[in-house]
Every structure is written in structure tokens, then in C-alpha cells.
Amino acid sequence: MRFNYHNPVKIHFGVKWLEAVENLAQRLKDTKFLLITSQGFSKRGLSAQIQNVLAKQLAGIVDEITPNPQIKHLQSIKAKLCDFDAIIALGGGSVIDSAKFLSVDSVFENDNFTIKSQPKKLFAFATTSGTSSELTHWATVWDNDAFVKHSLNDEILYPQEAIYDPNLTLSLPRQTTIYTALDALSHSFESIWNNNANPISTHYALMAIEIILRDLVELSQNLHSLQLRSNLMLASIYAGLAFSNTQTALAHALSYPLTMRFGTPHGLACSFSLPLLLECLPRKSHAFVLLSPFKPQLLQIFDKLEISILPKDYGLNDEFIDEIFSTLNSRAKNGVFDISLVKAKLKNP
């Protein structure tokens, strides 16, 4: 057996987020920070609290990040940025992906990004338990006008530190809580049925799956449980440590057209197909041996959460399925699947 595993992000779990900001300011006294977040956190007063702590160390605030950030919007933000030394990103995947994009100078040519500079240091304060962007070296940006998703992909995009305070997730509504957890669940399954899987990534993925399948339904019924929020945040860390070394695979490749065409939330779009894909796993594969025992519990949880597993409920008719499979991105090839079998199964589940 031969494999490599690497993740350089320093993790702080269970800390108080504002004290972590204070600690950053004290450790990096000569650093000018740019705060990147969304309007929701500014409206709830968190941006002002950070401003009070950083004082003269705050170079500026960008709080106009939206879900599924559009490349044109991010480019317009970048053109107006002030000088800064490092970034504090407070938010979920869209905020942290945007922070990665804004941390470097890049050129977009021939449908690819070329990074032209070393990144500004990035300190990511995760506020959801799903995307794990704070633990990866990718950033997703969208171009809905062209109906495409683009990715920045470079080892230099790993954040320096990831800070996790489960209290930041207590304000998440039920649907967002469910969909972000399903994203982490999909990351975990995808990292196991992946050609890039290794024993360490698989170990983390299995731990994430067990926690999410055990606790997600209960959390959906008790959103103010800090213990359950902590458990799901830990699961998202395990999932991030898994797929940061494997990338995602077919479930995510199928999801992007659904999000672009219909606005299907990402966590839902990349997870509804998990039971169907389980059925398509080669029976002699290691992934089938590891993952097939989870299928009954997975179906039970989807039923309790009222998550449909029928492709037609997501707008996937035969014509759209053919369109998707004619333009599948490279992530689809990471999986151990027979692509033609999956296509046929989607048409006749």
C-alpha cells in the first residue's frame, strides 16, 4: 500500500469566536485585516463586534457576499478593495470561497483561473457544518449567465487556521442546518467511493457518516442543542479532512447543473442521489463493502427529513439527464462508477 495525505490547516475547535479574533489581533499586531462576511452577520452585530476588537487593525469590511457567489460580482468587489495583509472570513462556504478568491490576484482565461500572486493569509471562522471550505484548497465561483461553475484549485489556497465555535451555528434555520449537514454527508460518501481514497481519508469519512446519521434527525427537531450542534460541526471537520485529499465525485458533478438551472440548494442537490449511487457501486469494490451497510439508515433518515430520492422531483427528465452527462466535469471521473450504468439508473430508478 502506498498513499499520501496532507492538510496544513490549524484547527481551533470549541473556542469562543470573539476571543479568537482578539487572539489573532494580539498575535499579529502589525497586520491589517479585511473582514469578509455576509449581510446577515453585519445585521446581527457580529461585524461591529469584530470592528471593536480590531480597531485600527481593521482595513475594511466586505459584507455583500451572497450564496453561490458570482464571478462578476467578486471581480467587482476585488476592483474596489483597500490594502490589507490578511483576511478574516466569517461565514459558510460561499463566504470562505469568496475570501479565497479575493486573497489572490488571478486571471480567468480559456475557462481556467491562473493565480498570479501569493495569497493573503486567511483565517476562516466557520458558521455552518457542511461545506468544509475552511479545510480545502479549492474555491467555487459561479457564472449563471454562462451556466457554468468554476473552481480555483491550488495548494496555496488552504487557510492558515480554521476556527470553530458551535455557538455560531445556533442561529441557522432548520432547512439550512439539514442541507449543510447533507453536504458534509455527501463529501464523506464521495471521498470513499473515490479513486483518490486513502486509509486516512476513509477513516475520517466513516466517522463523519456515523455522526451525521446518528444526530441529524434529532438536531432537526432540537435546533438549540449546543451539544448536537457541536457534534455536527465535528462531523463536518472529519468530512473536510476526508475530501480535502480526494476531491468530490459524481454526486457533486450531478448537483451543479441542478443548482444553476433550478436554484436547488447545494447540500440537497449533492445528496439526494446518494442512495441511488450506492446501488450503482461495483459489488466487489471496497467502497461497496464499507458503505452498503449504511443504506437502510440513510433511507430512513431521508424519509424522516422528507428528502425525496426520486430524480424527477429535481427536474431530472431524460433530456436533462442526457444534457448533464454530455458535459460532466472532471469530478465525475473521480468515482469508481460505471457512468453509463448511473445514467440509466437515473432514468429508470
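**Reading a predicted model: S171 and a helix pair**

In this predicted model, S171 sits in the loop that links β10 (161–164) with α6 (174–192).

Q: Why is S171 called partly exposed, rather than buried or exposed?
A: Check its relative accessible area, which is 45%. Buried would need under 20%, and exposed would need over 50%. The value for S171 falls in between, so S171 counts as partly exposed.

Q: How far apart are S171 and T127, in sequence and in space?
A: Along the chain they are 44 residues apart, while their C-alpha atoms are 9.3 Å apart in space.

Q: Which residues of α9 and α14 meet?
A: From α9 you have L254, P257, L258, R261 and F262, and they meet F320, E323, I324 and F325 of α14. Sorted by class, this contact has 7 nonpolar, no polar and 2 charged residues.

Q: How do you know what the span 177–279 is made of?
A: UniProt lists these residues, in an unreviewed entry, as "domain: Fe-containing alcohol dehydrogenase-like C-terminal". In the model, the span is 78% helix and 0% strand, and its end C-alpha atoms lie 27 Å apart.

Technical notes. Residues numbered from 1 in each chain as written. Predicted model: local features only at pLDDT ≥ 70, side-chain atom pairs only at ≥ 80, totals over all residues. Heavy atoms only, no water. Contact = heavy atoms within 4.5 Å. Helix = DSSP H or I, 4+ residues; strand = E, 2+ residues; numbered from the N terminus. Nonpolar A, V, L, I, M, F, W, Y, C, P; charged D, E, K, R; others polar. UniProt positions renumbered as here; feature names shortened; annotations may be inferred. Buried < 20%, exposed > 50% of the residue type's maximum accessible area, 1.4 Å probe, protein only.
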